[in-house]
Protein chains: 2
Amino acid sequence: MLREISLFGEMGGILSLERFRLDKYADFPKWYHEILKHAKIVDTRYPVKGMNVWMPYGLKALRMIQKIMINLLEETGHEEAYFPTMIPESVFSKEKDFLQGFGGETFVVEGTMTKKFNEKLFVRPTSETVMYYMWNIWIKGRKDLPLKMYQVVNVFRYETKMTHPILRVREIMSFIEAHTAHATSEEAEKQINEALSIYKKFFDSLLLPYFIVKTPPWDTFAGAEYNYDFITAMPDGKGLELGSVINLGQKFARAFDIKFMDSDGVTKHVYQTCYGVSERTLGAVIAIHGDQKGLFLPPIIAPIQVVIVPIARRDEQDIIEYAKKISEKLKKAGIRTFLDDDPEHTPGWKYYFWEMKGVPTRIEIGRRELNNNTVTIARRDGAKKITVSINDMVDKLRSIWIEINDYLRKKAIEHLKKMTIITYKPEEIGKGVKGLIITPWDGTKECADKLEEITGKQVLGEIIESPIKLPSLQGKTICNNKPDRYALIGTTY
Amino acid sequence: MLREISLFGEMGGILSLERFRLDKYADFPKWYHEILKHAKIVDTRYPVKGMNVWMPYGLKALRMIQKIMINLLEETGHEEAYFPTMIPESVFSKEKDFLQGFGGETFVVEGTMTKKFNEKLFVRPTSETVMYYMWNIWIKGRKDLPLKMYQVVNVFRYETKMTHPILRVREIMSFIEAHTAHATSEEAEKQINEALSIYKKFFDSLLLPYFIVKTPPWDTFAGAEYNYDFITAMPDGKGLELGSVINLGQKFARAFDIKFMDSDGVTKHVYQTCYGVSERTLGAVIAIHGDQKGLFLPPIIAPIQVVIVPIARRDEQDIIEYAKKISEKLKKAGIRTFLDDDPEHTPGWKYYFWEMKGVPTRIEIGRRELNNNTVTIARRDGAKKITVSINDMVDKLRSIWIEINDYLRKKAIEHLKKMTIITYKPEEIGKGVKGLIITPWDGTKECADKLEEITGKQVLGEIIESPIKLPSLQGKTICNNKPDRYALIGTTY
């Protein structure tokens, strides 16, 4: 199953594992880079800026994450389709705000080495235009609505912001974008709520805390009425947009002339929504759940849920055999298991190594376990080791994972609190402070400008939902009027 | 679960179903085009030639096919990775034959709308160069080998041959490409055999018959030593390459300087292989198993394995309830089931419709079935309907699918025989004849040229394995010497 490519050669053995004791809060970029490298998530040495190679271990975790989202979408009646990667210029430029918003960062194909095309092809930065071109053909009547589709694709954005592996890339390799069309504005509104609820379930299952903000009008997705963003905080205090839920209104419907014959016999434009998440989710999982020992993967997405480490001398083959038996038993129960019986490393080395890889539980097997038909379970969260009979092993693991989930969830909320300043007096904080800032706001551009000037950060939106309890609004905003909402302020990836 | 987008509006109801009685042998392009449209496999109205939109039903079947191949690769120790879509010109052009072979048909990105890049980016037509660039970094020692990787990606080829949906496209949306590196030429040779065996299992499970040919040297994959092709025949008599297995030797290893320190302390270049299949496999399934009623999907990949059609008047709600109970029972058994209780169509219309969609088995439920706790099972292969108790239903379906598999396998071999001419005297056949031609050959270019001149077709390779028993070699080839192999000759997609 899992093989570690050139693992030991590159890492230089146990020394580098001991050296991995890094504090993600002290130097997040270094911590993040080192863990991506040592745990083999992505390889950043590919010679195009912002495009990385996904290694098998990282990709396995990402595939698990994709599966969670795909199930949530399928359960709620979204159907998977696939639209081509390349979009003719004439189609891409039909919606003017969209062209304006994405034109400059879209990769363009003008031909092959030997031939120039008649029309430029845009490499999709997101698929509104290509999908809606077809929806114009597909949607005819009331019974074609609602239309709920998704696709799992790579998209490309030549962004000028600094790139970071997984977090801000130029080839997004796992964009799960859903698009819907509805007969009425109310139905679209309802769909927005369904999308919010899908995303909440998704991030909750990954134990990630998030703010939901409504983006200010001047920062709304190109071609949209309004959008919600799910935002979390990274260990360096920067905000990370985890996903967006967008009410497109009728702008694209008008640009692409997507109409249906309503039951009253009148032909009307549809109302549309779209929402997307990417591999950033894994970036957040890595950054938020990881610690000084390295990665810490929630059991639901861990490529290896249990690693078995036999404690045996080379001549104690019976212990290895027992470990194999345990491994088979776990696999049969549907548990993702890896038996590390490599004789070249000590058990201690293996403990360090697999903790660094984020494996949530470890089974240690020695002479005593063999004699008593037991296994000893160690936990990545550092809670006490326990020894259980092999008959209880599977149940025990499952209950430990629930405890580990609780541990990670709580730790993640604490992390978010640590990264967030709630204040009525942003002027007292000033610029350069680490973290997200929450402060009263009246929703106006004028007041946002002031907040941005004072904090040196950006108003990301008004907070619709917060995992941290916020005090009730009172007093005055910075602009000296009555606040009716909280602003989330920060710099983002 | 499965919703049919704008299905009735576009199809115009039952009339077009009756009109679907097309003979695939009489006019294959028409048959193929109509079935893709009516069964909603791909939509060809996307405004870029050779790039099609995958509809949910077609994509579901394709996802099933992908799963079969992915399982086969994982079982044999291949690990999934992901390499970027865009390849810098400097990397792409490292292997000269490869550049020569693919350069002209590779899409090139020179920048965005507002910025020209310093270096051109090639959009991958296949990933040798991007992978092997990284392998140069990864592979150090003997223990890094063998390295066996695969990825599931979209690739792009601006081919000048006529495009056909799914069969020859400019965006291949499902390319499953595996790549391996080995310490010795013998190990690479063994890998080629493993790959052949994987592909045989894959096509066998889809009940597709194939010839395996060794491609003539002058037609070998760019940068390779030699390659094998899996070739089948389409209903118009053309050949279709289903997949390739390629021995790359050390050419790429030299171009990318991929070396390892062997156990004898000497640094050596690796030996490489690669092999790939695409969505063409589904194209072949559609073309070979389909018939005058439409699609016929093997149960293993059918998005719907059983459709339930209640035979009930609008007031007979108890029959609908019984059908729902049956549907739940089947789903619980892991059977992909769809209950078609749409009151707007007659049972007869539904029979036609779901046969056209290729659903292998249908359950009919009326008053008699309800009263007796039975179901009636009808089969897409036209064999006799049977009525069984609901307790026997699941087992019976599974045994019927085995019979359907046999039926499809036999029919596919008959199809291949019908599309293949085995002859010692190709000169008597002449040009313009429909089908593949098998004739004795000595392997030389000279003799191949003669065969191509006589038949007006192309020598696709020497036959290594044939699903049709070939007579033992005797007599003389067209070039008047002793034959030592059979040539497969044809025109291809």
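1. Strands 7 and 8 of chain B pair in the antiparallel sense over 9 bridges; two strands count as paired if DSSP finds at least two bridges between them. Strands here are DSSP runs (E, at least two residues), numbered from the N terminus.

2. Please keep in mind that this is a predicted model, with local features needing pLDDT of at least 70 and side-chain atom pairs counting only at pLDDT 80 or more, while totals for chains, interfaces and linings use all residues. Residues are numbered from 1 along each chain as its sequence is written, and side-chain values use heavy atoms, leaving out hydrogens and water.

3. Strand 7 of chain B also joins strand 3 (residues 79-80) of chain B through 2 bridges, running parallel. Here Glu80(B) has Tyr150(B) as its bridge partner. Strand 7 (residues 147-156) is largely enclosed by the rest of the structure, because 9 of its 10 residues are buried (under 20% relative accessible area, 1.4 Å probe, protein chains only).

4. Turning to the interface, 70 residues of chain A are in contact with 70 residues of chain B (heavy atoms within 4.5 Å).

5. Between chain A and chain B there are 6 salt bridges, meaning a side-chain nitrogen of Lys or Arg within 4 Å of a carboxyl oxygen of Asp or Glu. Strand 5 (residues 107-112) of chain A gives the most to the side of chain A that touches chain B, with 6 residues. One salt bridge links the side chains of Lys60(A) and Glu74(B) (4.0 Å, N to O).

Notes: Chains lettered and ligands numbered in written order. Buried < 20%, exposed > 50% of the residue type's maximum accessible area, 1.4 Å probe, protein only. Helix = DSSP H or I, 4+ residues; strand = E, 2+ residues; numbered from the N terminus.
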